[in-house]
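Below is a short briefing on one protein model, arranged by topic. Please look over the sequence and the structure before reading the points that follow.

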Amino acid sequence: AGDSGTSWHFDPPWALRGSVTKCLSALCLIGIHHTAWSVLRSGGSALDSVEKGCARCEIEHCDGSVGYGGSPDESGETTLDAMIMNGNTMEVGAVADLRRIKNAIGVARAVMELTEHTLLVGESASVFAENMGFIAEDLTTNNSVNIFLQWLKGNCQPNYRKNVFPDPSKTCGPYKPRTILKQKGRTRQANTRSHDTIGMIALDKDGHVAAGTTTNGLTHKVPGRVGDSPIVGAGAYADSSAGAAAATGDGDVMMRFLPSYLAVELMRAGADPSAACKTAISRIKRHYSEFFGAIICANTTGHYAAACNKAPGLSQFHYMVSNSESDIPLLKTVDCF
């Protein structure tokens, strides 16, 4: 949902270790949680847990919304966005519009640990990854090609153009700006399958918090589009002194409000995770009452919650939690408001 998924892992008592992940498909997330939780159980760091969990989602495609072979843009190409944040050091690494490299979350961590930068984008990010030893591979699959071809046959619908000629609601491009701009409202129902993200939060035995996201973005997006997932404070945010949050949904809207940063700051001020999540969603609702999105929040004591905006196609939000009390991933559901 920001464009995202969600996960949380911990051990009793509640001051401990855990992970939360937004739910894509149950089977996919069970495997992801097992991977991430195994890292924590073996004494690994929250950062390692988040990276390994997100990387598995990239490998398994996670409903086609994460990793290679899904969500082709207007030109038919699949590009990747990812971010990872160390809540103990406040370091962040992110990549956007990444080409040819399947392990986007790994490249994001390389940006964090091998450069002084926070975000690398486009072809330059891909060259950096190759220089750092990541293997260049084709991100296109038969599935992504078929999605693209069906879109072309349907007159490029839906697309994300406005105020252009020819009419983007009826035809494909190339598009040009209208000589006289006339704001035409285009009603588009939220497509729950058009895009998504895996968002993961982890708290390790030392009380360190980490968060990460990875996605192949919005299907049929304008080439070069970057959503909320790799943007610090939008797709995710982590601070070991307060907690972490990860958002999902309409990234073009949600990134304007930095919901993950807001939720963490609310928890720092004493709000419980449920209140923090609801407030972050409510802030967006004031301006976009029918936006498609949700957020998960977890504080440093291991308490967690989620909230979502009630919109066409989204009446409930599902996320998954792992902890030592059950030792198996728990599917959680929250009603949207």
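## Annotated site and overall picture

The unreviewed UniProt entry places the feature "binding site" at R225, V226, G227, D228, T248, G249, D250 and G251. UniProt positions are given in the numbering used here, feature names are shortened, and annotations may be inferred rather than shown by experiment. The model is predicted: local features need pLDDT of at least 70, side-chain atom pairs count only at pLDDT 80 or more, and totals for chains, interfaces and linings use all residues. Residues are numbered from 1 along each chain as its sequence is written, and side-chain values use heavy atoms, with hydrogens and water left out.

**Chain totals**

- The protein chain has 8 helices and 15 strands; these are DSSP runs numbered from the N terminus, with helices being H or I of at least four residues and strands being E of at least two.
- Of the 337 residues in the protein chain, 55% are buried, where buried means under 20% relative accessible area, exposed over 50%, and partly exposed in between (1.4 Å probe, protein chains only).
- The accessible surface of the protein chain is about 13800 Å², and carbon and sulfur atoms account for 52% of that surface. Accessible areas come from the Shrake-Rupley method with a 1.4 Å probe, and for residues only the protein chains shown count as cover.
- Taking contacts in the protein chain between residues at least 6 apart in sequence, 63% join residues at least 24 apart; contact means heavy atoms within 4.5 Å.

**Residues of the annotated site**

- R225, one of the positions in the UniProt feature, sits in the loop between strand 9 (209-215) and strand 10 (236-239).
- R225 is buried, at 12% relative accessibility.

**Surroundings of A246**

- A246 is part of strand 11 (residues 243-249) and is buried, its relative accessible area being 1%.
- Apart from neighbours within four places in sequence, A246 contacts G199, I201, G235, A236, S260, A294, I295 and I296.
- A246 and A294 are 48 residues apart along the chain, and their C-alpha atoms are separated by 8.7 Å.

**Disulfides**

- The model has 3 disulfides, a disulfide being a pair of cysteine sulfur atoms within 2.5 Å.
- One of them joins C156 to C172, with an S to S distance of 1.8 Å. The torsion about this S-S bond is about 95°, so the disulfide is right-handed.
- C156 lies in the loop between helix 5 (142-153) and strand 6 (164-165), and C172 in the loop between strand 6 and strand 7 (176-177), so the pair ties together parts that are 16 residues apart in sequence.
- C156 is buried at 4% relative accessible area, whereas C172 is partly exposed at 25%.
- Another disulfide is formed by C277 and C297, whose sulfur atoms are 2.2 Å apart; the link is right-handed, with 135° about the S-S bond.
- That pair links distant parts of the chain, 20 residues apart: C277 is in helix 8 (residues 273-285) and C297 in strand 12 (residues 293-299).
- C277 is buried at 0% relative accessibility, and C297 is buried with a relative accessible area of 0%.
- A disulfide also joins C308 to C336, with an S to S distance of 2.0 Å. The link of C308 and C336 is left-handed, with -105° about the S-S bond.
- C308 lies in strand 13 (residues 304-308) and C336 in the segment after strand 15 (330-335), so this pair ties together parts that are 28 residues apart in sequence.
- C308 and C336 are both buried.

- C54 is buried, with a relative accessible area of 0%.

**Nonpolar surface patch**

- V145, L149 and L152 form a nonpolar patch on the surface, with about 210 Å² of accessible area together.
- Patches are made of residues with over 30% relative accessible area and no salt bridge; like charges are joined within 9 Å, and nonpolar side chains (Val, Leu, Ile, Met, Phe, Trp, Tyr) within 5 Å. A salt bridge is a side-chain nitrogen of Lys or Arg within 4 Å of a carboxyl oxygen of Asp or Glu.
- L152 is in helix 5 and is partly exposed, at 36% relative accessibility.
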